[in-house]
Amino acid sequence: MLHDQLLRDPNTYEELKLEGTGAVNPANGRQYPWKHGYLAFMEEADAAGSNRKYLELYNRIARFYRLSNKLYFALKFGGERSYREQFLSALELRGGQRVLETSVGSGDNFPYLNMKAENAQSELYGLDISSGMLKQAVRNLRRWKLEAHLFQGTAERLPFQDNSFDCVYHVGGINCFSDPHAAVLEMIRVAKPGTRLMIADETQKLVKGTYGKVPVVKGYFAEGADMPEMLGLIPPEMLEVEYKEVCKGLMYCITFRKP
Ligand SMILES: C[S@@+](CC[C@H](N)C(=O)[O-])C[C@H]1O[C@@H](n2cnc3c(N)ncnc32)[C@H](O)[C@@H]1O
């Protein structure tokens, strides 16, 4: 069950109250409605810069995303599980945790968390900028008989209270965010002290080598779009910072602990 103590207005970080139609900020009356099974904290028309560009891309490809990925993972890694477990195994998961994935997409990491029986009681939360991907997530979760709370918003302004999650991770979008540094700081803000965080995304090898050849997608990654130096965005006070390349060097996986 979603509790309003967990939620914050992403524009002001003020408290929100949940009502039948959505969440409302009592301080200024602003409403955030339920749409198609997720709570919407943004209007897509307001997205700007790189976020707008990739929001449009993911809305276009949402219906094919899962199937084409499945095929790719089967050919390249012998299946989706062996691909995803290479970075998801870095998470410190235990039963009864509150788990947040930023840029949850169509929810495809969630089954691989819950396969472990000890995680069965965890509460899952996912946020994404794309309505197309979130609609797929709603449909997939129903099919997989999994429960998760879904939100539309930007990873750079999370609609959650500080120090709220036992596990916070991100897979696959941050290289192209308008403000990847803000997204890292937001993940840290909402994680409880002592939490191990994980960020995984494509290396240059994947962006230049593969995406540059895929129709529909290639225009978005021409010349290997500018990629941020992610390790440099992790604040120096974070503990146990580790960088490794996984998935045949096509993905990087950064882990660190919030003090
Ligand atoms: C490659 S998909 C990854 C989805 C999922 N994490 C996975 O592993 O399958 C990247 C996702 O990032 C989302 N995204 C892009 N920019 C975003 C932003 N600024 N805030 C939140 N999500 C964003 C896209 O809509 C898309 O669903």
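1. Let's begin with a helix pair: helix α1 (residues 49–77) packs against helix α4 (residues 131–144) at an angle of about 25 degrees, with the axes 7 Å apart. Axes here are lines fitted to C-alpha atoms, for helices over the stretch in contact, and angles run from 0 to 180 degrees between N-to-C directions. That makes α1 roughly parallel to α4 (the term covers angles under 35 degrees). Helices are DSSP runs (H or I, at least four residues), numbered from the N terminus.

2. Before going on, please note that this is a predicted model, in which local features need pLDDT of at least 70, side-chain atom pairs count only at pLDDT 80 or more, and totals for chains, interfaces and linings use all residues. Residues are numbered from 1 along each chain as its sequence is written, and side-chain values use heavy atoms, leaving out hydrogens and water.

3. Who touches whom? On the α1 side, the contact with α4 includes Tyr-58, Ala-62 and Arg-66, and on the α4 side it includes Met-133, Gln-136 and Trp-144 (contact means heavy atoms within 4.5 Å). By class, this contact has 5 nonpolar, 5 polar and 3 charged residues. Ala, Val, Leu, Ile, Met, Phe, Trp, Tyr, Cys and Pro count as nonpolar, Asp, Glu, Lys and Arg as charged, and the others, Gly among them, as polar.

4. Now compare helix α2 (residues 80–88): its axis and that of α1 come within 7 Å and cross at roughly 85 degrees. α1 and α2 are therefore roughly perpendicular to each other (65 to 115 degrees). Phe-73 and Phe-77 of α1 and Tyr-83 and Arg-84 of α2 are among the residues making the contact.

5. Finally, look at the polar contacts (pairs of N or O atoms within 3.5 Å). A nitrogen atom of the ligand lies 2.8 Å from a backbone N or O atom of Val-171, and an oxygen atom of the ligand is 3.0 Å from a side-chain N or O atom of Asn-109.

Definitions and conventions:
Helices (H or I, at least four residues) and strands (E, at least two) are DSSP runs, numbered from the N terminus. Angles under 35 degrees count as roughly parallel, over 145 as roughly antiparallel, 65 to 115 as roughly perpendicular and the rest as oblique. A polar contact is a pair of N or O atoms within 3.5 Å; within protein, one must be able to donate a hydrogen and the other to accept it, and residues adjacent in sequence count only if both atoms are side-chain atoms.
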